[in-house]
Structures are given as structure tokens and as C-alpha cells.
Amino acid sequence: LEQLPPFSFLFLRFMIGLMVTWLLFRVLGWPLLRDRALLRRSAIATVFLFLGYATQTVGLRYTTASNSAFITALYVVLVPLFLRRFERRTWLAAGLATVGLWLLVNPSAAVNRGDLLSLACAAAFAAHIVCLEFYAKQGDARSFFLWQLAFVAGLMGPAMALESPEAARFAPTAVLLVALVITGGFATGAFAVQVWAQQRLPAQQVALIFALEPAYAAWLAWYFLGEHLDPRGWVGSGFILIAVLLGASGTAQPNASPGPIPGGTPA
């Protein structure tokens, strides 16, 4: 991001992910379905995915990274709230994860417009997780995955045009190429795993597992980079891990009390 504006980088990332996925379809002979229902589901999920990235990116201009990390991870609470799943175990796990996130990232108490945009980001990502629980099980999941990549890349194009980046900023430096390989390749694979997993796991468990991301980042930075992780951070990351284990041992099923899905019908 020191070289490219945010939406320009995101456009390249998703275009690379789209091209890699399309090549995989061709090599393995997978059919790409184009029926209206599949395209509608993909478009609805993509809207939330795009809004999540857009509000997070813009929000980071006005708030701190720690505030953004904490507020964005509130999808842990928003997912079961959107689905109206009020099991005691689910909310205990969500509460533990929220406390753990607060201790780990140590956000400030002041609220600004960047924090409000980050809250919108959390809501968008929560809605996307909810959509995937229902839509990934309807029709062909592989085509559903590819169309999301295509649609989000299509939305990132006009957003990139608004940034009007200079051509020199697209120079294929080593740092940019490595970043694009990681995000366009490996992160696209991670997204594919998410679509696959959400055919089998309830959305609230997926949200809890995602809450481990800042804990993993803190642990890896401590181990590999020698960064300091104070006792507050260790306790917070421990709370998150306990929350994930507690939530994973629940009995809630993906189709239990689903509630309405934006733009769709309950499963």
C-alpha cells in the first residue's frame, strides 16, 4: 500500500485470484454455471464482500489500526445476532472472544468516523458470512465462488479509476509481486476453503474461528519477528482461543432458526 492506492491493489489482487481460479476451472474441466439464481446469489454476496473491503479501507484513513481490528472483528457478535441464534453457549463464546479482542488489540475509547466505518465493515463481513452459510449449499459452490471473484473485481475497477493512480505506481517491484502472490493466490485459496467449509459449519462458528486471526498474527509476530506481546495480549488471545473451542463444541446446526437472509429466503 506504500506503492499503490488501496483500491488499485485490491483490483489487482482479485483479478489475479479470478484468473488463477478460471485457469483451474479449465485445467480440471469444471463447468461454470450461469443460471439466473446462481448469479443472483453471487451478486448479493459480492455486494457485502465489496462493502466490507471498501469501508475497512476508507475507515483506516481516519482511525487507528487497533480500533479497526477490534471493531471489524465484532462480526463475532453480529453474525449470531443477524441469524437470531440466541443459544447460551453461542453468546458466551462471542462475549469471551470480544473481551479477548479488546485485551489483545487495546483499542482507544474515543470514537470517530473511521470507527463508524469500521463498524459498517463488521456488519458487511457478518452479512457475507451469513450469505455464504445459505448460498454455498445451493447449486454449484465452485461456480458461486468464481462469480464472486468476478463481480468483486468488476466493482473494484471503477473504485480504482476514482483513485486515478499514476502508471509508474504499477511497476512490478519485488514487494508488490510478493504481496500480489500472497493475496491473489494464497488468500484466494483461503476464501475457497471458507466457501467449502460454510457448506458444513454454522456461520457463528466460522465467525469465531475468524476471530483467531489477530491472535495468530500476534503469536507469529512474537515468535518470528521478536515483537513484544505483553501479559494483557497473552490473556486476550487465550480468551479468544477458549471462545473458539467453546463455540466449536456447541450443537447449533447451520439451518437452526436461520431468520431472513438479505435478498433471499430462509433455508
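Here are some notes on the structure above, point by point.

1. **What kind of model this is.** This is a predicted model, so local features need pLDDT of at least 70 and side-chain atom pairs count only at pLDDT 80 or more, whereas totals for chains, interfaces and linings use all residues. Residues are numbered from 1 along each chain as its sequence is written, and side-chain values use heavy atoms, with hydrogens and water left out.

2. **The core.** The largest nonpolar core has 67 residues. A core here is a set of buried Ala, Val, Leu, Ile, Met, Phe, Trp, Tyr and Cys residues joined through side-chain atoms within 4.5 Å. Buried means under 20% relative accessible area, exposed means over 50%, and partly exposed is in between (1.4 Å probe, protein chains only). Phe14, Val79, Phe144, Met156 and Val195 have the most contacts inside this core. As background, nonpolar side chains tend to be buried together in soluble globular proteins.

3. **Around Phe144.** What does Phe144 touch, not counting residues up to four places away in sequence? The list runs Leu38, Arg41, Ser42, Ala45, Leu132, Tyr135, Ala136 and Val195. Contact means heavy atoms within 4.5 Å. Two of these names, Leu132 and Val195, come back in the next point.

4. **Helix 6 on helix 8.** Helices are DSSP runs (H or I, at least four residues), numbered from the N terminus. Helix 6 (residues 113–135) and helix 8 (residues 174–197) pack with their axes 8 Å apart, at an angle of about 55°. Axes are lines fitted to C-alpha atoms, for helices over the stretch in contact, and angles run from 0 to 180 degrees between N-to-C directions. The two helices are therefore oblique to each other; under 35 degrees would count as roughly parallel, over 145 as roughly antiparallel and 65 to 115 as roughly perpendicular, with the rest oblique. Helix 6 brings His128, Ile129 and Leu132 to the contact, and helix 8 brings Phe191, Gln194 and Val195. Those residues divide into four nonpolar, two polar and no charged. In this scheme Ala, Val, Leu, Ile, Met, Phe, Trp, Tyr, Cys and Pro are nonpolar, Asp, Glu, Lys and Arg are charged, and the others, Gly among them, are polar.

5. **Cysteines.** How many disulfides are there? The count comes to zero, where a disulfide is a pair of cysteine sulfur atoms within 2.5 Å. Take Cys121: the closest cysteine sulfur is in Cys131, 15 Å away, which is too far for a bond. Cys121 is buried, with a relative accessible area of 0%, and Cys131 is buried with 0% as well.

6. **Helix 3.** In helix 3 (residues 65–72), Asn67, Ser68, Phe70, Ile71 and Thr72 are buried. The buried residues of helix 3 pack against helix 2 (36–59), helix 4 (75–83), helix 5 (88–105) and helix 6.

7. **Thr63 and Gly114.** Thr63 lies in the loop between helix 2 and helix 3 and counts as buried, at 11% relative accessibility. Leaving aside neighbours within four places in sequence, Thr63 is in contact with Ser68, Asn112, Gly114, Asp115 and Ser118. Thr63 and Asn112 are 49 residues apart in sequence, and their C-alpha atoms are 7.0 Å apart in space. Gly114 itself is in helix 6 and is buried, with a relative accessible area of 0%. With neighbours within four places left out, Gly114 is in contact with Gly59, Tyr62 and Thr63.

8. **Gly233.** Helix 11 (residues 231–248) holds Gly233, and Gly233 counts as buried at 1% relative accessibility. Leaving aside neighbours within four places in sequence, Gly233 is in contact with Leu103 and Leu104. The C-alpha atoms of Gly233 and Trp102 are separated by 9.1 Å, although the two are 131 residues apart along the chain.

9. **Positive phi values.** Arg84 is not a glycine, yet has a positive phi of about 55°. Arg84 lies in the loop between helix 4 and helix 5 and is partly exposed, with a relative accessible area of 45%. Ser164 is another non-glycine residue with a positive phi, near 50°. Ser164 is found in the loop between helix 7 (141–163) and helix 8, and is exposed at a relative accessible area of 54%.
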